[in-house]
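Hi,

Here is the structure I promised to pass on.

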Amino acid sequence: MQARVASMEDVKEARQAAGQGRALPTGMLKVFLGFLLLGVGLSAVGMYMARHAVAAVAPALFRPCLGGSSAEEEPEGLERWTRPPARVEHAMTDEELLWRASFAPRVRGYPFRRVPKVAFMFLTRGPLPLAPLWERFFRGHEGRYSIYVHALPSYHANFTSESVFYRRQIPSKVAEWGQMTMCDAERRLLANALLDISNEWFVLVSESCIPIFDFNTTYRYFQNSNQSFLMAFDDPGPYGRGRYNWNMTPEVELDQWRKGSQWFEVHRELAIEIVKDTVYYPKFKEFCRPHCYVDEHYFPTMLTIEAPNSLANRSVTWVDWSRGGAHPATFGRGDITEEFLRRVQKGRTCLYNNQNSTTCFLFARKFAPSALEPLLELASTVLGFG
């Protein structure tokens, strides 16, 4: 019997039948199952991580619509910009502080209730021996004044929590008489005081200064004045124009050079002019050095150029130069009498809002620590507070 030869079609059909009917080899099956399990595992891990990542980011991106807020959250609205700093300590550099203090609203008027305050800025090396007299002066007038103390960085005051001077010492640096560091200290005081938007007047005093009227009289005097009190006069002699350096041009010309006492009382607008200055400051720092005493020339010259009509060209801090010498007279226990204080209060005539007035001074210097006791004795009868 002749054998049958398989055609190509027969071979094809046979292979197809064999492929359909035979199972996968064991090795290939294990590989397939391994890939399947790996895929399922990676999918589960990815879903877990994604879910937890969204949960972690959600608080930063979304705020739930819940009533009320936690105590730690920053208050919303205008209050965050208008409330005074809780304390005078801060970590700002001078550059950061002056920049921050130069902020000023451009809209006239305030859209909230504002009680104008007087900022008293004490420039001292250390203790305030006349503090008990100032304590009486401020008593009962909370909310209408602020206090800032610039002392040597190494000095730490020991006022109790009941004192108006408690924790009012600002971050400071060494200030030397006649040097630019003295003006730096004054600008530092102004800048710290400007952070409280309610401060309207800024009064620079020393540890030897005293108030010579009661607080209400002092407050009204500032609030009713249409000028700031900073002495600025043209002295043609060797201690005035003789200190001018021609390198000051073109920012400061000789006929613009002014001199005056460093003890000033300025309005908020002029305080901002002082702290924001970057035009005159470099010139004075480089070219007004001893024997050009910069604290006698910088502010009077700058403000005479920038805001001449805002200046009364006098200080309201009394001082006695009649004894001669490089420094004014100092008064101790034996000098303090009722007659002496009355003379300081009403001893001369000046212009106040372009009208003649015999109330020319609100403060006086220089008083030694020994003057404290008689001053306290005369405070209620002569000075008007006690």
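**Cysteines and disulfides**

C292 is buried, with a relative accessible area of 4%. Bear in mind as you read on that this is a predicted model.

C292 has a partner: C288 and C292 form a disulfide, and their sulfur atoms sit 2.0 Å apart. C288 has a relative accessibility of 4%, so C288 counts as buried too. The torsion about the S-S bond of C288 and C292 comes out at about -80°, which means this disulfide is left-handed.

How many disulfides does the structure hold? There are 2. The other pair I'd point you to is C350 and C360, joined with an S to S distance of 2.2 Å. This pair links distant parts of the chain, 10 residues apart: C350 lies in strand β7 (residues 350-352), while C360 is in the loop between β8 (355-357) and β9 (363-364). The link of C350 and C360 is left-handed, with -110° about the S-S bond, and both cysteines are buried.

If you count bonded cysteines along the chain, the disulfides follow the pattern 1-2, 3-4.

Now for C183. C183 is at 1% relative accessibility and so counts as buried. C209 is buried as well, with a relative accessible area of 0%.

Cheers

Key: Residues numbered from 1 in each chain as written. Predicted model: local features only at pLDDT ≥ 70, side-chain atom pairs only at ≥ 80, totals over all residues. Heavy atoms only, no water. Disulfide = S-S within 2.5 Å. Buried < 20%, exposed > 50% of the residue type's maximum accessible area, 1.4 Å probe, protein only. Helix = DSSP H or I, 4+ residues; strand = E, 2+ residues; numbered from the N terminus.
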